[in-house]
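Work through each task before reading its solution.

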Amino acid sequence: MSETEASEKPLTEAQKARIERNRLKALSLRQAKLVSHPYSLSKKDVNTGEATNSVIKVQGTKYVDSGGGFLIEQPAIGSKANANANGGFTDSSDTPKLVDDAINIPVKYDECLECGEMFADSFLMNNFSHSVCDKCRDQDGEHSLITRTEAKAEYLLKDCDFDKRDPPLRYISRKNPHNVRWGEMKLYLHLQVQKRALEVWGSEEELMKQHENRIEKREVGKIRKYNKEMKQLRMEVRSSLYTKETKKAHVHEYGEETYNEDDDTYTHTCLTCNFTETFEKM
């Protein structure tokens, strides 16, 4: 048989499958060589021009670069039925496929209450659920932060107004700047604290009235405490100058009795204080 006749002989299915497998293997090796870093961007397929994930072979195991900072082990998907039909070899449809396990998380946009623009992330939204972007945040004004102690003193709020009343006010914790050994401070959004105070007292006028009443009660308490301390001080100073004497009760000493015939009574008079007593005898 000449070389021309041998070259014109058609290939068997097993030979075609071997050729296809070798071609895919060479293509995978070529793509693996193009990877310069595990976190590099996806490459383009040489034949189709479409973007494909990078494949990295580590100790005989192939991994897929997800592009998100971690590697995914490449699964080997094959069809036993096709392998048996083709003499133990699989066709191109049974070759391992690259699986992209990246999860697409939808981005939620919010509308800024100040400028009306849409934004995806901000300090006030993440920590206090207040829809204001970072550009419009007024750190020294209505968007300033206030400690729990200051809020209770300024707006006359109780602990239950922060934690029990719905919805509970959100806060962030920070180290105490005066002493790191003390407990952490709870910082609230000043705007939300003002709103909660209006819910508790009803109006700003009522809040001011409560402030005045508490100031008045505080002043009265101070005066009472001062008077009590002064009285005690006077007693301590004067106790050394005089001694208390108990005054004895007066005992009457009556003289002779006088009989009254008109009403059949008797009368006698005290010899000391001239007290007169009228009585009857049984």
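**Exercise 1.** Is R148 buried or exposed, and which salt bridge do R148 and D159 form?

*Solution.* Step 1: R148 has a relative accessible area of 13%, so it is buried; buried means under 20% relative accessible area, exposed over 50%, and partly exposed in between (1.4 Å probe, protein chains only). The model is predicted: local features need pLDDT of at least 70, side-chain atom pairs count only at pLDDT 80 or more, and totals for chains, interfaces and linings use all residues. Residues are numbered from 1 along each chain as its sequence is written, and side-chain values use heavy atoms, with hydrogens and water left out.

Step 1: A salt bridge needs a side-chain nitrogen of Lys or Arg within 4 Å of a carboxyl oxygen of Asp or Glu. R148 and D159 meet in such a bridge at 3.4 Å, N to O.

Step 2: R148 is in helix 5 (residues 148-155) and D159 in helix 6, 11 residues apart, so the pair links distant parts of the chain; helices here are DSSP runs (H or I, at least four residues), strands are runs of E (at least two), and both are numbered from the N terminus.

Step 3: D159 has 38% relative accessibility and therefore counts as partly exposed.

**Exercise 2.** Where do R196 and E199 lie, and how far apart are their closest N and O atoms?

*Solution.* Step 1: Both R196 and E199 belong to helix 7 (residues 190-201), 3 residues apart, about one turn of the helix.

Step 1: Their salt bridge has its closest N and O atoms 3.1 Å apart.

Step 2: R196 is buried because its relative accessible area is 3%, while E199, with 41%, is partly exposed.

Step 3: Turning to shared partners, salt bridges join R148, K152, D159 and D163 into one network.

**Exercise 3.** How many aromatic pairs does the structure hold, and what is the geometry of the pair F162 and Y188?

*Solution.* Step 1: There are 5 aromatic pairs. Rings of Phe, Tyr and Trp (its six-membered ring) pair if their centres lie within 6.5 Å; planes under 30 degrees apart count as stacked, over 60 as edge-to-face and the rest as tilted.

Step 1: The ring centres of F162 and Y188 are 5.1 Å apart and the planes stand at 50 degrees, so this pair is tilted.

Step 2: F162 lies in helix 6 (residues 159-163) and Y188 in strand 10 (residues 185-189), so the pair ties together parts 26 residues apart in sequence.

Step 3: Together, F162, Y171 and Y188 form one aromatic cluster.
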